[in-house]
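Dear colleague,

Please find below the structure I promised to pass on, followed by some notes on what turned up when I went through it.

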Amino acid sequence: MFAIRRPLRLKFAINSSRTFATASTPYVPPASLEIVADAPPPQFRSRKKTKPESPSFYTSRASYYDHLYQLETALQRCRRAISTLELLPLPAFARASLPPAQLLWRNRQSMMTMFSGSLTTARYRRMISVLADLEECSRIASAAGHTALAESIQPVLELFERQDKETVLARTVRKQVPMDRYGRSYTVGKRKESAARVWMIPVREPAPVTLSSDVLPSHSPRAQDVDILAPVVDNAFAPSPSASRMPVTTTTILVNNIPLNKYFDSPADRERIVRPLKLAGVLGTFNAFVIVRGGGTTGQAGAIAHGIAQGIVAHVPEVDHILRKAKLIKRDPRMVERKKTGLAKARKRYTWVKR
Amino acid sequence: MSFLSFTVTTRSRASLTALREVGSSLKARSYAAQAKGGSVKQNVQGYKGGKNQKLTKKQQRLEAMRNNKSPGVRLRPTPPSQLKHELFQSQRLDELMLPDFNAEELTERNLGKAMAFPLPENDAVRVFGVPRNVLLDFRILSKAASVVRDVTIKLVDRLQAASQESSQKNRFVLSGSVGSGKSFLLIQGVEYAASAGWLVMYIPRAINLVNSSTPYSYDLRTQTYLQPLFAQRTLQRFRTVNENTLSSLVAEEKIDLHDGLSLSQGTPLISLIDVGIKDQTFAPTVLAALLEALGKQTKVPVLLAVDDFQALFTKTAYKTPHFQTIRAWHLSMPRLIIDYASGRKTFARGAVVGALSLSDKTYGLSQELRHALGLQPWLQPSSYLKVAPEITAFTKGIQILKVPEKLNVNEAASLFEVWNKNKSFHTPGSDEVFLAKYTESAGNPRDFVWKGLLSTLQT
């Protein structure tokens, strides 16, 4: 490959200006030139082909492929490191419990400035996919507690992230529902044509009732006789001496100032309204007062459920993802489809007549 | 026959015989060499049956196991009724272990506890019957049970006080919203009175008095429409329930019945009842006389309990010969009850308790009665409504005992436990189900049980 044909200088005529008819000379391989005494002087020996620094030298988008190659190498190394730590392959449940990815890469125009030359969509997508994989490795590492590894990956990713990432992320943060002076939240729920305004207030907890002495077991040992390290359990279900009975608080829901069971006859509607409280595990924690308007029974029930879900999240932000998964936070976008011309109803067609 | 005759040559005859032989042994192949003079017998595969079979070793072992009667080597699975291990007991319904409903047990200490009605043979509830919605509960539960509420204690206290006083001062009506437990409370009152030794007359469905389900006839003497069959049945049931107590009671004065029949002083009251049971035509008069006699005596207090109390103040399904609607107070039995409920007639010791029922719309709570009893005073009857003066007169002095709309948490928990132990739920109940259904029903007893716990498919 690197062998080239060089005209062989005749032994007797290095500086001779004589030209011969036959300019071409027999071919001598370059390796043999060293043992040949009359090898051409160094300045006539063609430059040794140096190995290009990067394998992307011969590609059209060297800068791009350089970056890509480096990223892929980094990804490979990270994956190897994580595999050594026995974090890969990650089981499905562990993968599901990872914190969600917040990917905000530079757009294609912005990345084009990093690489000389234009950047096609296909190349951009390829770059993004490698970056996403790298980000996933970083997430796995940080979730597993290997912060050093995660932090080492971060600077690489930051090069390719949006400048205004913080601002964009701040936009997706839920607006905090303000509580009034009594600790009530005010939220709105909607479904079809119904709108529900929901005020929720935490139930005031009554003082715990202490058990009277005649209910306590008479053989309860005194404090100084008990060795706290000795596990002695006579009866697992007996009330412990220091236990006090917690009174059960209940949730009351008033709809248009009417109790829930009187306003909604159907058990399905009632279950729909209580479902957010049940899923969030806050039955008995809040009371709700609702004013609902518009639509029919089920629409109103759906609107109230939506409003109650929003209200629960206002008081207890931790259950946001539970209610979100249950599709209670999102306003149900289904509305009555309009009637179209030429059709009897939204979808119903008139009877087809052959002739 | 001519068409069957054909000449058979010797050769063909031989072939025919051969064919016949082949046909006799099915397994023989046509190409197999046939033994002369006999068909080929093939070895038949499979179990042939019979005793003298040659079995393989495995078959012999199986036969031995099958025939072996010793319990250790049974091959067949145990029948389900003999599965005693706890693991198999999850679906089995144990008898509801609840304390018996007793007059002595109805104290503050037992608030919120579920108690089962013992229901002996002559029990008032068993003999007189119960309203339809309560009957459904009793049929589904393995034991007729109810929860002792705070309003139960209140009623029991009132009845206790009434046992020493005249019924003039002890006329109550149980009122409350739909499904709040009025009928159940009345049954608890009846059971309490029965166990405390009272004489109990309980009419569980007063609607049957006014819906033209029993014959009626006009009586000129009393100027009311008699209902002899209903009166006779009531007398029969009263006798069955209160036989022990009645045996010691006698008529203090001479009792005059119509048609010249009279009973002298000192006649046992049971004989009086028997007169009415024997002859239907005497039954309404006997009933009235009986209640009068019971009202005069001071040995034993008397409880007159009526469910569907509002039906006694409505237009009935009966018609006069001129096809005018008869009002309930013109019928003999409703009039009798109204007399005692209004205080025109009294028991020397005892009480009259009625329970309103809001389920039926035909014989429902009318505006006039609601206004007369003083329920929901903010709802005035329409100015264009003609209020019968009888209604106002008959309801004077009746005290209202309000049944709370909600069960409190402990009562609801006891009720939940009763139904849970009865294994009536779609899935075994948990705290979450309890709280969810309590919230959905806002504590209303009927909604909690029927529309909440029993009609949910949620786990």
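With 36% relative accessibility, Arg79(A) counts as partly exposed, the term for residues between buried (under 20% relative accessible area) and exposed (over 50%), taken with a 1.4 Å probe and protein chains only. Before going further, please note that this is a predicted model, in which local features need pLDDT of at least 70 and side-chain atom pairs count only at pLDDT 80 or more, while totals for chains, interfaces and linings use all residues. Residues are numbered from 1 along each chain as its sequence is written, chains are lettered from A and ligands numbered from 1 in the order in which they are written, and side-chain values use heavy atoms, with hydrogens and water left out.

Arg79(A) forms a salt bridge with Asp133(A), with 3.7 Å between the closest N and O atoms; the term stands for a side-chain nitrogen of Lys or Arg within 4 Å of a carboxyl oxygen of Asp or Glu. Because Arg79(A) lies in helix α2 (residues 62-84) of chain A and Asp133(A) in helix α5 (residues 121-144) of chain A, the pair ties together parts that are 54 residues apart in sequence. Helices here are DSSP runs (H or I, at least four residues), as are strands (E, at least two), numbered from the N terminus. Asp133(A), at 27% relative accessibility, is likewise partly exposed.

Helix α5 of chain A also holds Arg139(A) and Glu135(A), four residues apart, about one turn of the helix, and their side chains meet in a salt bridge at 3.2 Å, N to O. Arg139(A) is buried, at 15% relative accessible area, and Glu135(A) is buried too, at 12%.

In chain B, Glu440(B) and Lys437(B) lie three residues apart in helix α16 (residues 431-441) and form a salt bridge of 3.2 Å between the closest N and O atoms. Both are buried, Glu440(B) with a relative accessible area of 3% and Lys437(B) with 1%.

Turning to the interface, 17 residues of chain A are in contact with 20 residues of chain B, contact being heavy atoms within 4.5 Å. The rule finds four salt bridges across this interface, and Lys262(A) and Glu405(B) meet in a salt bridge of 3.7 Å, N to O. On the side of chain A that touches chain B, the elements giving two or more residues are α8 (260-263) and α9 (267-280) of chain A, and α9(A) supplies the largest share, five residues.

Best wishes
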